[in-house]
Amino acid sequence: MTIRVSKLWFGYALAMAWFYVLLWPLLGIKADGLEFGASFAIWSKVAVASAILLGLYQLKKVGAFGFVERPAKVVGKAAGAVAARVPTWVALALVAAVAVAFPFFTERYAHDVAISVLVYIILGLGLNVVVGLAGLLDLGYIAFFGVGAYTYALLSVHFGLSFWLCLPIAGGFAAIAGCIIGYPTLRMRGDYLAIVTLGFGEIVRIVINNWMSLTNGPNGILGIKAPGIYWWNGKGFEHMLLNSLEQLYYIILALAVFTIVAVYRLNHSRIGRAFEAVREDQTAAELMGVDTLRIKLLAYALGAVFGGLAGTFFAARMKFVSPESFTFIESAMVLSMVVLGGMGSIPGVILGAVTLIALPEVFRGFELYRMFVFGGVMAGMMIFRPKGLWPAKRMGARSEERE
Amino acid sequence: MEFFLQQLVNGITLGGVYALVALGYTMVYGIIQLINFAHGEIYAAGGYMGVILISWLFAQGFPPFVCLGAALVLAMGYCALLAMAVEKLAYQPLRQSSRLSVLLSALGMSIFLQNGLMLTQGVYDRAYPTEMVQGGFELGTVMISYMQCIIVGVTALLLVALNVLVYKTRIGKAMRATAQDKTMSALVGINSSRIISLTFAIGAGLAAAAGIMVGLYYGSVRYDMGFVPGIKAFSAAVLGGIGNITGAMLGGLLIGMIEVFAAGYISSEYKDVFAFIILIAVLYFMPTGIMGENVDDTRV
């Protein structure tokens with residue numbers, strides 16, 4: 001035991017020394033001389049924090065926290081039992097009521113954040129179909145978001161088509177784009193797929209950036225119309241544009257609910273089962289009569305549709321689109337939502353989107369550190385909790401669990 | 001013709017750099033079947049270490065070639081340590097997990113390192129002291145700068161050294177054995193985790209050298225400079241046949257040439273697109289690449 005412990009601390013010392021060797025040159029070597037203060041300040045903080053964590057971890061292993069853990073376990077169990085007695089529909093109704101009432105008791109700023117969260121929920125759920133259900137890693141997903149946004153932007157500015165008409169059109173275009181991207185990649189091995197989708201995402205962005213005559217290049221497209229509806233004004237129906245944030249909030253809420261229901265139904269359909277079969281074992285799925293190529297293409301197309309819908313709303317909400325909104329970092333962000341929440345799990349993805357969009361708003365001062373932390377969390381999740389914060393439930397029981 | 005030859009020289013310079021980066025991808029893929037997304041960031045870190053060290057050494061009054069040489073060696077060592085740390089932290093605990101998990105972990109590390117560079121070095125370009133090596137000579141009608149000579153020379157030297165290491169030494173033999181069959185090589189007494197660590201270190205050293213070359217060639221570095229060259233170098237590795245060292249060198253040269261010629265003759269705005277299109281075309285029509293062995297269809 002003591003040998004093990006000392007080995008652990010030896011490893012810790014080695015890691016910290018290593019870390020300092022990596023950190024110091026970045027901060028300490030200046031053209032006018034060597035300097036140790038800044039790097040040592042950061043290093044000492046990291047060293048102390050990780051020493052405390054390591055110590056706590058060891059105490060936990062020895063069982064020193066039994067006096068907290070045991071009662072906590074009992075309370076947790078009791079809470080779980082109470083929660084299990086509440087029917088699902090009550091919980092859902094509660095969430096829905098909060099979501100609908102949200103604009104009434106919050107500020108403009110909160111509406112703005114809520115709209116972003118809902119857009120990302122749609123994107124996350126769309127990507128979840130591809131990555132979580134079908135197990136195809138897509139690193140260029142934001143391209144479909146871009147296709148949707150530009151479809152609406154161009155149709156609205158040049159032809160004056162309405163938002164509602166463009167919604168299905170943009171979804172359709174995104175689906176076509178999904179098939180175009182999906183088709184040549186489907187025969188590839190999984191990890192090649194990742195890099196090819198990444199390449200495709202970049203191609204879409206570069207084309208948007210350089211096709212001046214169509215997309216106005218890096219300057220973007222201005223003057224996109226907000227969604228409009230016909231509203232009863234006492235005498236007759238009048239066309240009115242939904243410009244305010246509350247109105248936009250309800251539109252995106254409706255779209256998000258539609259997406260959640262659609263993905264939920266998809267999850268439980270024959271096609272959803274086929275997706276999972278392909279994810280778990282492609283050869284076995286094929287033997288069971290699943291047309292794997294078609295199913296994968298379908299996964300791409302369906303995932304892309306949601307990206308397109310979200311993109312249409314994004315264009316209508318910002319009233320401006322430019323290629324800057326569709327970089328690889330955005331793809332990585334949507335992917336980290338799916339990973340953080342739990343691949344294949346609808347509540348997980350929602351939780352992931354809320355965490356990754358709303359939390360940084362709370363910690364506004366640390367804006368710069370946002371992606372830095374994302375990257376670290378993504379790698380850490382894979383190591384410590386690969387199934388995500390809210391793991392997906394497996395459909396049915398496996399034969400060995402049934403006993 | 002003149003333009004063609006000039007582009008050829010530029011293509012060889014750029015292609016050599018891609019070849020150096022591509023080797024890291026191909027060696028790591030060959031040994032643990034992972035697309036090491038963080039490799040592009042290692043290359044960027046190499047570029048930064050280069051500018052940091054060269055500026056410091058130059059300010060101490062060392063002659064330019066000593067600065068260059070010392071910076072090259074130190075930056076390669078630094079990046080080797082960095083890559084080994086990344087491997088230990090983010091990849092080794094996932095040896096038994098699904099390939100999707102490791103891939104995501106690699107992606108996370110890539111974002112982490114890129115933003116780490118941004119936080120410590122700032123978001124703006126950092127200029128290389130290019131006044132150290134100036135001028136060039138004319139060969140017929142083609143202009144060759146001394147910088148290009150240095151880049152091609154160092155690249156060639158590193159490529160030869162790597163070939164000797166992999167094909168002529170005991171360590172190289174152990175690396176090749178581990179790449180072929182981890183279990184069997186462990187049975188004959190090869191410490192596979194040490195070999196994997198070493199592979200990461202060597203690949204990172206080459207990438208660091210490439211980062212410095214690119215910094216010297218273009219005159220500046222940026223925290224996100226590793227992303228696009230990373231994909232291009234991976235394309236080069238795939239084009240040459242992933243897992244194959246000679247293939248990666250060849251692929252790197254080809255991708256460099258294609259990029260330079262496409263930029264010169266077709267369109268410079270779309271030059272990045274060509275590398276991606278080649279990647280997709282190769283994977284679709286010739287998934288084993290130019291020199292690759294047959295790879296089985298395994299999922300992530």
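**Figure 1. The loop that holds Asn216(A) runs between helix α9 (212-215) and strand β3 (221-222) of chain A.** Helices here are DSSP runs of H or I with at least four residues, strands are runs of E with at least two, and both are numbered from the N terminus. This is a predicted model, in which local features need pLDDT of at least 70, side-chain atom pairs count only at pLDDT 80 or more, and totals for chains, interfaces and linings use all residues. Residues are numbered from 1 along each chain as its sequence is written, while chains are lettered from A and ligands numbered from 1 in the order in which they are written. Asn216(A) is not a glycine, yet it has a positive phi of about 65 degrees. The residue counts as partly exposed because it has 18 C-beta neighbours inside 10 Å. For reference, a residue is buried with 20 or more other C-beta atoms within 10 Å of its own, exposed with 12 or fewer, and partly exposed in between, with C-beta atoms placed from the backbone.

**Figure 2. Gln33(B) sits in the loop between α1 (2-32) and α2 of chain B.** Here is another residue other than glycine with a positive phi, near 50 degrees. Gln33(B) has 17 other C-beta atoms within 10 Å, so it is partly exposed.

**Figure 3. Glu238(A) has its place in strand β5 (residues 237-241) of chain A.** Is Glu238(A) buried or exposed? It is exposed, because 11 other C-beta atoms lie within 10 Å. Setting aside residues up to four places away in sequence, Glu238(A) touches Tyr230(A), Trp231(A) and Asn233(A). Contact means that the C-beta atoms of two residues, placed from the backbone, lie within 7 Å.

**Figure 4. Gly178(A) is part of helix α7 (residues 163-185) of chain A.** With 28 other C-beta atoms within 10 Å, Gly178(A) is buried. Which residues is Gly178(A) in contact with, leaving aside its neighbours within four places in sequence? They are Phe144(A), Tyr300(A), Ala301(A), Gly303(A) and Ala304(A). To give a sense of scale, the C-alpha atoms of Gly178(A) and Ala262(A) are separated by 18 Å, and the two residues are 84 residues apart along the chain.

**Figure 5. Helix α10 (residues 245-267) of chain A has 23 residues.** From its first C-alpha to its last, α10(A) reaches 32 Å, close to the 33 Å expected at 1.5 Å a residue. That expected span is 1.5 Å times one less than the number of residues in the helix. The buried residues of α10(A) include Leu248(A), Ile252(A), Leu255(A), Thr259(A) and Val263(A). An α-helix has 3.6 residues a turn, so residues three or four places apart point the same way. What do the buried residues of α10(A) pack against? Their partners are α5 (108-133), α11 (270-280), α13 (292-318) and α15 (346-362) of chain A.

**Figure 6. Ala299(A) belongs to the largest nonpolar core, a set of 213 residues.** A nonpolar core is a set of buried Ala, Val, Leu, Ile, Met, Phe, Trp, Tyr and Cys residues joined through C-beta atoms within 7 Å. Ile122(A), Ala299(A), Cys79(B), Ala208(B) and Ala209(B) touch the most other members of this core. Not counting residues up to four places away in sequence, Ala299(A) touches Val129(A), Val130(A), Leu133(A), Ala134(A), Leu136(A) and Phe275(A).

**Figure 7. Chain B meets chain A through 49 residues of chain B and 41 residues of chain A.** On the side of chain B that touches chain A, α2 (39-59), α3 (64-91), α4 (99-121), α9 (227-240) and α11 (271-285) each supply at least two residues. Which of these gives the most? It is α4(B), with 17 residues. The residues on this side of chain B divide into 33 nonpolar, 11 polar and five charged. In this count, Ala, Val, Leu, Ile, Met, Phe, Trp, Tyr, Cys and Pro are nonpolar, Asp, Glu, Lys and Arg are charged, and the others, Gly among them, are polar.

**Figure 8. The setting of these views in chain A is a fold with 17 helices and six strands.** Of the 403 residues in chain A, 39% are buried. The C-alpha trace of chain A spans about 80 × 70 × 50 Å along its principal axes.
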